[in-house]
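Thanks for making time this morning, everyone.

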Amino acid sequence: MNVLITGGAGFIGSHLVDHHLHLGHRVHAIDDLSTGFGTNLSEALKSPNFKFDQQDIVTWTGLEKAVQWADVIFHMAAVVGVKRVLEDSLKVIKTNLTGTERVLEAAANLKWKPRIILASSSEVYGFNTKPSFSEKDDLVLRSDDHFRWCYTATKLMDEFLAQAYVMERDLSVTSVRLFNTIGPRQAGTYGMVVPNFVRQAAGNRSITVFGDGTQTRSFCDIRDMVHILTLLAENEKTKGKILNAGNDQEISILDLAKLVKKISKSSSDITFIDYAEAYGRPFKDVDHRRPDLTELNKWITFEPKWTLEETLEDLAALEEKKQQLRMPA
Ligand SMILES: NC(=O)c1ccc[n+]([C@@H]2O[C@H](COP(=O)([O-])OP(=O)(O)OC[C@H]3O[C@@H](n4cnc5c(N)ncnc54)[C@H](O)[C@@H]3O)[C@@H](O)[C@H]2O)c1
């Protein structure tokens, strides 16, 4: 099987690359390395079944050919992370909209159309106050702090694009609303909470909680997420569907900080900073974000294999090794 992965040098994309090479598939990854890293592909690059192109999906003229080659496409390329969304909005809009449209249009023009998994986001639920979000729930984007929603709006528009291509051009796309996913290779640079906490705890530096820490999130291990996305790609019956994906165990960010500290055996203190200080502008975070997975479970048979504690233990061990390597002898 031929698998094309856009954003293939990123956090989720590179794990998809490794998984599909492991399954014996031929894999082609495209990434402009704007937030992804070539080092995420160091194992993959040893495989004769792997090809990488450092290219921008918005402008690359080879995209049509790459899409034509593929049986399955995981479209993961996007500009992500709260900081980049606030600081580089034009790039967010162009990449997340034009990039997606180019992939879908290239696929729609083919006689034998590939199966496509499109990465949407739990961000689309916005300020919905229900304890967990199902696909039928309202999407609540507030008018204050208007620009904060530009990433969210692109992801929502991607879902509409996918639906339109399914209805009008018979494409086989499934839009997946990914909830917080964590694991090795996730960069903390753009405001991702777990990599930041783990790095701070390993260095015995203050663990900085944004806001008061009562906001909750549900974290899914990357290995579980790769499994979910792969099962969905295999299931043609999910064509045209929009589905949540993640883990529904919930934890407050303050409890997460405490758990990371404990697992890392760290002497860090836990401090609180305002969102305005963290992002350099006022910012209102959503209180909670927990997936209702009822609909997903109608389509795939899946049980998460990794608990939050196990994922954090792995990440803490990896970070300790990294910090030891960086220390002068
Ligand atoms: N990680 C999460 O918890 C999460 C949650 C919700 C949705 N998602 C979605 O999953 C996908 C993957 O996210 P991730 O966490 O791996 O982020 P990531 O930043 O690690 O991966 C995105 C990749 O896309 C690449 N990219 C960006 N613009 C590009 C362009 N114009 N051309 C080619 N490549 C480009 C980046 O270099 C990066 O490698 C994204 O679409 C994101 O919106 C992720």
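Let me start with a convention: a crossing is called left-handed if the near helix is turned anticlockwise from the far one by less than a right angle, and right-handed if clockwise. Please keep in mind that this is a predicted model, where local features need pLDDT of at least 70, side-chain atom pairs count only at pLDDT 80 or more, and totals for chains, interfaces and linings use all residues. Residues are numbered from 1 along each chain as its sequence is written. Helices (H or I, at least four residues) and strands (E, at least two) are DSSP runs, numbered from the N terminus.

Let's take helix 6 and helix 11 to begin with. Helix 6 covers residues 193–202 and helix 11 covers residues 308–326; their axes are 9 Å apart and the packing angle is about 55°. Axes here are lines fitted to C-alpha atoms, for helices over the stretch in contact, and angles run from 0 to 180 degrees between N-to-C directions. Under 35 degrees counts as roughly parallel, over 145 as roughly antiparallel, 65 to 115 as roughly perpendicular and the rest as oblique. Helix 6 and helix 11 are therefore oblique to each other, and their crossing is right-handed. On the helix 6 side the contact uses V194, V198, R199 and A202, and on the helix 11 side L315, A316, E319, E320 and Q323. Contact means C-beta atoms, placed from the backbone, within 7 Å. These residues divide into 5 nonpolar, 1 polar and 3 charged.

Now, what does helix 6 do with helix 8, residues 253–263? Their axes come within 9 Å and cross at roughly 40°, which makes helix 6 oblique to helix 8. This crossing is right-handed too. V193, F197, V198 and A201 of helix 6 meet I253, L256, A257, V260 and K261 of helix 8, a set with 8 nonpolar, no polar and 1 charged.

Staying with helix 8, its buried residues include I253, L256, A257, V260, K261 and I263. Buried means 20 or more other C-beta atoms within 10 Å of a residue's own, exposed means 12 or fewer, and partly exposed is in between, again with C-beta atoms placed from the backbone. Helix 6, strand 8, strand 13 and helix 11 are among the elements covering them. Just after helix 8, K265 has a positive phi of about 50°.

On to the other pair. Helix 1 (residues 11–22) and helix 7 have axes that come within 10 Å and cross at roughly 70°, so helix 1 is roughly perpendicular to helix 7. Here, I12, H15, L16 and H19 touch I222, M225, V226, L229 and T230.

Finally, the largest nonpolar core, with 79 residues. Such a core is a set of buried Ala, Val, Leu, Ile, Met, Phe, Trp, Tyr and Cys residues joined through C-beta atoms within 7 Å. Which residues have the most contacts inside it? They are I5, I73, V176, F197, M225, L229 and V260. Helix 7 gives the most to this core, with 7 residues.

Note on methods:
Two residues are in contact if their C-beta atoms, placed from the backbone, lie within 7 Å. Ala, Val, Leu, Ile, Met, Phe, Trp, Tyr, Cys and Pro count as nonpolar, Asp, Glu, Lys and Arg as charged, and the others, Gly among them, as polar.
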